[in-house]
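Here is a friendly briefing to read with the model open beside you. Take a look at the structure first, then follow the topics below.

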Amino acid sequence: MGRFYDLAAWKQLRRTYLDLHPMCEMCRRQGLLVDAEHVDHITPITKGGDPLNGDNLQALCPPCHSRKTAQDEGKAVRWGCTVDGIPIDPKSHWHRS
């Protein structure tokens with residue numbers, strides 16, 4: 001079997017999910033409207049999450065997806081952003097000079 005993310009079933013589910021959830025769900029909880037580009041598994045597949053169950057999915061923007069993935073991998077992560085949408089995480093590319 002090939003890589004999961006190359007499967008037609010995943011690609012179709014991802015596209016449908018983003019069509020139905022075009023905004024980042026984590027940013028929305030903070031009152032921000034940010035376009036989503038990723039469909040994330042809330043419980044990672046590697047930790048037993050159902051890969052094709054819509055209840056295990058969330059639409060995320062790239063910064064939120066990166067932080068969520070880092071957290072899933074056990075790395076220390078700072079969440080949130082300013083009211084202007086700038087990530088609070090000092091390691092974010094937004095804070096590089």
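Are lysine 68 and aspartate 40 buried or exposed? Both lysine 68 and aspartate 40 are buried, where buried means under 20% relative accessible area, exposed over 50% and partly exposed in between, using a 1.4 Å probe and protein chains only. Please keep in mind that this is a predicted model, in which local features need pLDDT of at least 70 and side-chain atom pairs count only at pLDDT 80 or more, while totals for chains, interfaces and linings use all residues. Residues are numbered from 1 along each chain as its sequence is written, and side-chain values use heavy atoms, with hydrogens and water left out.

**Salt bridges**

- The whole structure holds four salt bridges, each being a side-chain nitrogen of Lys or Arg within 4 Å of a carboxyl oxygen of Asp or Glu.
- Lysine 68 pairs with aspartate 40, with the closest N and O atoms 3.0 Å apart.
- Because lysine 68 sits in helix H3 and aspartate 40 in strand S1, this pair ties together parts that are 28 residues apart in sequence; helices (H or I, at least four residues) and strands (E, at least two) are DSSP runs, numbered from the N terminus.
- Within helix H1, arginine 15 and aspartate 19 lie four residues apart, about one turn of the helix, and their side chains meet in a salt bridge at 3.2 Å, N to O.
- Arginine 15 is partly exposed at 41% relative accessibility, whereas aspartate 19 is exposed at 54%.
- Lysine 75 bridges to glutamate 73, the closest N and O atoms being 3.3 Å apart, and glutamate 73 is exposed at 52% relative accessibility.

**Aromatic pairs**

- Three aromatic pairs turn up in a search of the whole structure; rings of Phe, Tyr and Trp (its six-membered ring) pair if their centres lie within 6.5 Å, and planes under 30 degrees apart count as stacked, over 60 as edge-to-face and the rest as tilted.
- Phenylalanine 4 and tryptophan 10 have ring centres 5.4 Å apart and planes at 45 degrees, so this pair is tilted.
- The rings of tyrosine 5 and tryptophan 10 are edge-to-face, because their planes stand at 85 degrees, with centres 5.5 Å apart.
- Ring pairs link Phe4, Tyr5 and Trp10 into a cluster.
- Tryptophan 10 is buried at 4% relative accessibility and phenylalanine 4 is buried at 16%, while tyrosine 5 is partly exposed at 34%.

**Helix H3 and its surroundings**

- The buried residues of H3 are Cys64, His65, Arg67, Lys68, Ala70 and Asp72.
- These buried residues pack against helix H2 (25-29), S1 and strand S2 (57-60), with contact meaning heavy atoms within 4.5 Å.
- Just after H3, glycine 74 adopts a positive phi of about 85 degrees.

**The largest pocket**

- A pocket is an open set of points on a 1 Å grid over the protein atoms alone, where a 1.4 Å probe fits, with protein on both sides within 12 Å along at least five of seven lines; lining residues have an atom within 4 Å of a point.
- The lining of the largest pocket has 13 residues, and Tyr5, Pro44, Thr46, Thr69 and Asp72 lie nearest its centre.
- Strand S1 (38-41) and helix H3 (62-72) are the elements that give two or more residues to this lining, and H3 supplies the largest share, four residues.
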